[in-house]
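Hi,

Here is the structure I promised to pass on. My notes on what turned up follow just below it.

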There are 2 protein chains.
Amino acid sequence: MGKVFVIAQGGGPTAVINQTVAGAAIAIRRRHPGARVLGARHGVRGIRNDHFIDLSAIPEADLRRIGLTPNAALGSTRDKPDEQYCARILDQLRAVAADAFIYIGGNDTAGTLQVLSAADDGRIAFVHAPKTIDNDLVENDHTPGFMSAALFVAHAFQSIDLDFRALPGIYVGIVMGRHAGFLTAASAAWRRAEADGPHLVYVPERPFSVEKFLADVRAIRQKFNRCIVAMSEGVATADGRPLAEQLMGEVQRDAHGNVQLSTGDLGQAMQMELAREFPGVRARVDTFGYLPRAFSGTISEVDRREAFDVGVHAVAAAADGSGSVTLLHGADGTTCGVVTLGAVAGKTRLMPEDFMTPAENRLSPAGVAYLSRLLPPPPDVFAPFL
Amino acid sequence: MGKVFVIAQGGGPTAVINQTVAGAAIAIRRRHPGARVLGARHGVRGIRNDHFIDLSAIPEADLRRIGLTPNAALGSTRDKPDEQYCARILDQLRAVAADAFIYIGGNDTAGTLQVLSAADDGRIAFVHAPKTIDNDLVENDHTPGFMSAALFVAHAFQSIDLDFRALPGIYVGIVMGRHAGFLTAASAAWRRAEADGPHLVYVPERPFSVEKFLADVRAIRQKFNRCIVAMSEGVATADGRPLAEQLMGEVQRDAHGNVQLSTGDLGQAMQMELAREFPGVRARVDTFGYLPRAFSGTISEVDRREAFDVGVHAVAAAADGSGSVTLLHGADGTTCGVVTLGAVAGKTRLMPEDFMTPAENRLSPAGVAYLSRLLPPPPDVFAPFL
């Protein structure tokens, strides 16, 4: 009897997560002719609910088209399975006679696989294929999905900096990232000259203070007659508390409990701070929200290729049992590796300390070098009068 | 003595406004060898302050690179000159012996030129070159800058719709546009099937009611298990009052005057309404803000070419005196025309009534046809399981 593979996608979407499905499904055809490939609808939920799609029946050309499509084509889930849920998943995987379960996702996904692997008798290979726009998986140089989201952020700040050269003022762009600042730092990947924005970059890894922020903005404005800021949604004060929560608390007190602001209001709070501190100055805060994470207009070709390769490598890894596929960088460029699930599960990779300059809120040459290695060169812009 | 041309850029930036500068400057070289071309820094403010750049000295290759750069390379301004300011501009134009003043901008810009033209003795040609992401200039089929901004919006909603197919919920994207809904409507340009998002489009041209909006969302959600909404920042109730202002008022009352929310909080208000009406449902509101208007990652090639042609045509038009260059659509595709400044100045073109279906908040076939004519075909996406 042929082998049986189950593939699923978990967590937030990326622009290239379907490349990993395509890569895995196509690699299975090559390595294991006649194997069955079951795609679980909406992650582990599809396994629990016996909701599968037979990917073995899909023509390869269609799999490649699915690969080019952003966002999770099998559907995704935010479910974090508890013990009972995991037992049910195992039962279902056994019911379909699965030899391997390839689950594409972040460190939570690796955690789920670790639990499943520990509960199993070793007959099923549980393989984690990395995916996250946050770029926060340990053991990886970078993760599939990050480059494309980073490309969006780099384009946005390149454009916004030119906007504010033409019409001076203050701009704050708030970028996804609760714990790791990589995606926010990508705002500075194409920065070349001292005057180029973003001039200030605030990431969750560095303690944030509103007073320092306002003083920083004031200093940059004096120098360049404008100030462009990239800020992670997860910036936190020295005690580790996310600023978004604290500011929300203040606003709620002001409002005598009547105003209920969502977590999206970090931008609102920054807008109020800037209006107070710089009255009459053009100041704009944009929260990028979901826009960068799977935007169909800025998908990195390298990201696409690597996400596909990660799928291919997950199939190869399954022959050796459970593990987590990694992306490594070395003399030969980017290559795939495999580590144990435990090496990745539940761990968060933060941005290296030396990616930022020690005293200022800006990217160091090391940070710029890392990010520009991952991105294509910037579009040629030429604004000699600004 | 050679002719003297003054060129300036006004108002908000676009992705292609510099193409019009390049087109005009290059056309002047061809038509009027030896002419002087003065670029005014920051629009009419540069004329008032005698702050010019000699564009005659810039190599053509550099002008073309400037053309490829998004945002106003000469700098822009929000100044709306009063009578005294206009008198000063006229004096300055005469002081540099200007034969023509080409001002690139929207209907306010045309209005400034109309005032100047009326105050002049007819020796200077005042030529308006159109530019606006709002697409709201009368006498034009469409305006330079719109296509590129529309391309961003179309990509964003294509991606977001796939996102919410994978992880169901409610999404509202708020798009620039105070009076005209064209840019918001561009969200549906690539919509093909009944199930494709955005499912609801709210533009300033149609009266908005929060109750109707929530009922619409409920109905769509029941049908498709998700609901994608495109909303103009300028949506207004039947009495013509912008919703953003009204909601802000309510929040301020709740807060006993302590909470000062900016105009950016339409999104915040919508987020609160959705949380109240659909508790526990994934609901996300993103305000696109400045991102679409000059994003360097989604510049339309056709938009670039047309913006360049508008600059070329402005130079030709200057030979016949004052006027406003227009973009027309006919059997020969897009061509340039010229109308009087008065035909365009201060007027706002709204989206034609028949671009929306009569009863529902969605684009009609006529609306989709118009918008898809202006955009390139969508990236091929294939998500057969969602």
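How much area do chain A and chain B bury between them, and what share of it is on carbon and sulfur atoms? They bury about 5,600 Å², 62% of it on carbon and sulfur atoms; buried area here is the accessible area (1.4 Å probe) that two parts lose on being put together, summed over both. On the chain A side, Y290(A), F382(A) and F385(A) lose the most area to chain B, together 15% of what that side buries.

Some housekeeping: this is a predicted model, in which local features need pLDDT of at least 70 and side-chain atom pairs count only at pLDDT 80 or more, while totals for chains, interfaces and linings use all residues. Residues are numbered from 1 along each chain as its sequence is written, chains are lettered from A and ligands numbered from 1 in the order in which they are written, and side-chain values use heavy atoms, with hydrogens and water left out.

Each chain brings 70 residues to the contact (heavy atoms within 4.5 Å). Every interface residue of chain A, 100%, is also an interface residue in chain B, so the copies meet through the same surface.

The rule finds four salt bridges across the interface (a side-chain nitrogen of Lys or Arg within 4 Å of a carboxyl oxygen of Asp or Glu). R65(B) and D380(A) form a salt bridge through their side chains, at 2.8 Å from N to O.

Best wishes
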